[in-house]
Amino acid sequence: MPFLTRLFVKTALVYFIAALLAGLLVAARPVLALPSIVAALTPVYFHLLMVGWVTQLILGVAHWMFPKFSREEPRGHDWLTWTIFILLNGGLLLRVFAEPIRTVNTDPLWGWLLALSALLQWLAAMAFVANVWPRVRGH
Amino acid sequence: MPKPSIWFLRSALIHLALGFTFGGLLLWNKGIPIHPLMWRLLPAHMEFLLVGWTVQLALGVAYWILPRFYTQRGDVRPVWLAFALINCGVWLAGMGATLAAPGWVILAGRLCEAGAAGAFAVNAWPRVKPMAQEASHLR
């Protein structure tokens with residue numbers, strides 16, 4: 001298994017645990033009378049699961065298993081895959097903090113950080129499509 | 001990679017790009033408001049990423065890697081039908097809800113998606129079998 005795949009898959013596993021812990025907190029809020037900021041974790045919980053775990057796992061396995069790009073670069077451009085990893089995780093982590101904090105702090109900085117998070121994750125998806133598209137082909 | 005898998009995976013990548021674009025606009029709008037109508041993108045964002053990207057990717061990879069009958073992957077017609085139905089379904093259900101179309105449009109979309117699942121299962125069901133060596137051992 002290539003290094004970048006291991007990185008994606010292990011990071012995905014960390015998000016999987018984090019997502020279920022976030023879900024646990026959201027479910028525990030009404031029972032344990034936790035602060036209202038915890039309710040704002042609902043979209044964070046869902047995106048930790050679907051972006052951090054499911055999509056990141058797919059990205060890692062696709063990097064490993066899809067048909068080879070070329071003899072010289074069998075898995076496409078490694079620098080681009082590194083960029084995807086950094087953009088996706090940078091964007092997702094930014095969201096994890098900015099989205100709940102924005103509900104209790106009116107500083108516009110948090111809104112701008114949320115917009116930046118959107119941009120980073122969008123760039124990651126576009127870069128992944130560009131990187132993997134030539135590898136989706138016959139023999 | 002067989003031709004139906006190429007089509008499923010390329011379509012999945014297009015839905016990933018569109019789904020992340022809708023999601024990016026939604027998240028940006030949450031941080032820095034653009035327009036209240038932006039929230040109407042939410043059903044399309046969810047449908048494109050859950051069914052158009054994740055489910056369609058699973059179908060494409062399953063058709064590619066499930067056990068074969070010697071060198072054949074069984075009758076390909078239900079697989080092409082599944083491809084047509086799942087893509088019609090995603091657009092009808094996702095864009096139908098986003099554009100506030102009548103309820104029957106969304107219903108038709110869901111019907112297409114259910115039909116895609118059934119058609120795909122016609123091909124996949126007999127391919128879920130032990131490998132030749134295991135089969136002879138079981139006999």
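We'll begin with chain B and then move to where it meets chain A.

A quick word on ground rules: this is a predicted model, where local features need pLDDT of at least 70, side-chain atom pairs count only at pLDDT 80 or more, and totals for chains, interfaces and linings use all residues. Residues are numbered from 1 along each chain as its sequence is written, chains are lettered from A and ligands numbered from 1 in the order written, and side-chain values use heavy atoms, with hydrogens and water left out.

**Stop 1: chain B as a cartoon.** Select chain B and you'll find 5 helices and 0 strands (DSSP runs: H or I of at least four residues for helices, E of at least two for strands, numbered from the N terminus).

**Stop 2: its outline.** Zoom out: the C-alpha atoms of chain B fill a box of roughly 65 × 30 × 25 Å along the principal axes.

**Stop 3: inside and charges.** Of its 139 residues, 46% are buried (under 20% relative accessible area, 1.4 Å probe, protein chains only). Now colour chain B by charge: there are 11 positive and 4 negative side chains (Lys and Arg against Asp and Glu; His and chain ends are not counted).

**Stop 4: the interface.** Show both chains. The contact (heavy atoms within 4.5 Å) takes 35 residues from chain A and 22 from chain B. About 2500 Å² is buried between the chains, 78% of it from carbon and sulfur atoms (accessible area lost on being put together, 1.4 Å probe, summed over both). Finish by selecting A:Ile58, A:Trp133 and A:Val136: in chain A, these lose the most area to chain B, together 22% of what that side buries.

Note on methods: Buried means under 20% relative accessible area, exposed over 50%, partly exposed in between (1.4 Å probe, protein chains only). The place of a charge is taken as NZ of Lys, CZ of Arg, CG of Asp or CD of Glu. Buried area is the accessible area (1.4 Å probe) that two parts lose on being put together, summed over both.
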